[in-house]
Amino acid sequence: MNIDLTDTTSSQINSSLVQARRAAGSPAVGMVLTLIIVTDEGNHYDALRSARQASQEHPSRILVVIRRPGRSPRDRKLARLDAEVRVGGETGTSETVLLRLHGELAHHAHSVVLPLLLPDTPVVVWWPEDAPAHPNEDLLGKLAARRITDASATEDPVSTLALRAETYTPGDTDLAWTRITPWRSVLAAALDQRHAPVESAVVEGEAYNPSSELLALWLADRLKVPVARKVSAGPGLTAVRLTTGEGEVCLHRADGSLAALKMPGQPDRHVALQRRETSELIAEELRRLDPDEAYAATVRFGAGRLGKQTIQPETVNGARTAPAPGAPAAGRTPSGPEPEKPPAPALRAPEAPRPAPRGPSGSPGASAGAGSPGAPAAPGSTRAPTPPPPPPGARPLESTRPQPPRTDPGGAGPAGRPAP
């Protein structure tokens with residue numbers, strides 16, 4: 001059942017949805033999520049067809065937002081909403097609403113979409129092309145738990161992936177990452193059978209293929225080995241070669257449908273790796289609505305490594321690679337030039353005591369020159385200072401043992417005290 005609404009409102013669209021469900025004999029709402037597709041007039045047909053096919057696995061309310069701001073100043077001043085409600089028939093158990101926003105209303109799509117969201121269900125936003133630079137900061141993106149983009153639909157996929165790495169927020173994902181899910185599964189299963197350490201890897205694919213870039217980054221991050229990128233005639237990804245101590249593990253797909261897995265010591269096997277349609281990719285992304293941690297780790301690892309012919313990991317076979325000249329050490333954040341430290345005092349070895357010069361009679365001389373017992377210690381020396389020699393004619397020091405008190409011959413007590 002199709003209902004066309006011209007110059008309408010969100011409230012009238014909701015009433016039309018209830019009316020269409022009753023006419024179709026299904027007044028209950030059996031949808032599990034709301035899928036918002038942000039596209040233009042020329043590409044909305046293909047995107048809607050893929051969403052309908054994915055909705056057979058995930059019944060959902062599909063809201064297609066088509067912005068038509070207008071070209072002339074008169075058209076840009078208008079604010080009109082046209083809608084088309086489709087329930088039943090080719091939509092299956094889902095509901096589809098096409099929203100055409102004219103004039104100034106094209107810049108306020110979130111205010112039109114918000115009343116049409118299903119209550120108590122997750123929201124997913126998909127930009128088939130022309131995604132915003134910061135999906136999480138977009139007004140429609142803020143309504144969603146998952147935000148799906150497609151780097152392969154842009155003019156410069158490598159630069160787009162670099163931007164996605166800088167602006168990543170939990171809940172973001174890209175269909176270029178979804179396309180390599182079967183490749184990652186087969187390679188992980190192959191390495192589970194061979195426990196030999198991987199020494200290097202090579203990823204072959206078309207030029208400017210974002211899926212090849214992401215697969216190379218994933219291998220470098222997980223295996224901690226250098227991964228080289230080679231350009232092939234395609235289609236898409238064509239081969240992955242892993243060099244191990246026992247031989248080469250090769251997954252080669254030449255025709256885009258059937259791949260051959262070669263492992264040392266085992267017969268060759270054929271694996272179905274057919275290039276999937278967009279509807280299958282969307283259906284896979286709708287199976288899980290939590291943040292994709294593997295994608296997050298890969299795009300963050302790829303910041304600064306995208307577009308290079310050979311991707312070097314942070315560690316190679318367990319040994320950390322040397323940082324680039326001038327780069328801060330791992331785990332440290334550069335915080336400006338370090339303050340200069342005062343020079344530490346020079347350390348000297350302790351000098352051995354020098355023998356004192358002897359006089360003609362064998363007694364210490366009266367001279368107090370350098371190196372004599374009476375000379376002060378040199379700066380920095382650890383030798384204890386030596387007391388100066390006694391003057392000529394002085395009596396030598398007596399023993400330090402306590403002496404009995406002396407008495408005067410006249411019967412007085414100790415010296416200085418009168419007798420009792």
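Reply: A crossing of two helices is called right-handed if the near helix is turned clockwise from the far one by less than a right angle, and left-handed if the turn is anticlockwise. In this predicted model, helix α2 passes helix α9 in a right-handed crossing.

Two packed helices are described by the angle between their axes and the distance between the axes. For α2, residues 44-55, and α9, residues 278-285, the angle is about 50 degrees and the axes lie 8 Å apart. That angle makes α2 oblique to α9, because angles of 65 to 115 degrees count as roughly perpendicular and those under 35 degrees as roughly parallel.

The residues that meet at this crossing come from both helices. From α2 they are Ser50, Gln53 and Ala54; from α9 they are Thr278, Ser279, Ile282 and Ala283. Sorted by class, the contact holds 4 polar and 3 nonpolar residues, with no charged ones.

Both helices also take part in the largest pocket. That pocket has a volume of about 550 Å³. It is lined by 31 residues, and those closest to its centre are Ser152, Arg179, Arg275, Arg276 and Leu281. Helices α2, α7 (181-193), α8 (210-223) and α9 each supply at least two residues of the lining. Helix α2 gives the most, with 3 residues. The lining as a whole has 14 nonpolar, 9 charged and 8 polar residues.

Helix α7, one of those contributors, contains Leu191. Setting aside neighbours within four places in sequence, Leu191 is in contact with Val198, Leu223 and Leu242. Met263 is 72 residues from Leu191 along the chain, and the C-alpha atoms of the two are separated by 9.6 Å.

Rolling a probe the size of a water molecule over the atoms shows where empty space is left. The count comes to 1 cavity of 30 Å³ or more, and the largest cavity has a volume of about 40 Å³. Its lining includes Trp127, Glu129, Asp130 and Ala131, along with Thr149, Asp150, Ala151 and Thr154. Thr160, Arg164 and Asp174 line the largest cavity too. By class, the lining of this cavity has 5 charged, 3 polar and 3 nonpolar residues.

Technical notes. Residues numbered from 1 in each chain as written. Predicted model: local features only at pLDDT ≥ 70, side-chain atom pairs only at ≥ 80, totals over all residues. Heavy atoms only, no water. Axes fitted to C-alpha atoms, helices over the stretch in contact; angles between N-to-C directions. Helix = DSSP H or I, 4+ residues; strand = E, 2+ residues; numbered from the N terminus. Parallel < 35°, antiparallel > 145°, perpendicular 65-115°, else oblique. Contact = heavy atoms within 4.5 Å. Nonpolar A, V, L, I, M, F, W, Y, C, P; charged D, E, K, R; others polar. 1 Å grid on protein atoms, 1.4 Å probe; cavity = no way out; pocket = protein on both sides within 12 Å on 5 of 7 lines; lining within 4 Å. Points joined across faces, edges and corners; volume = space filled by probe spheres on them.
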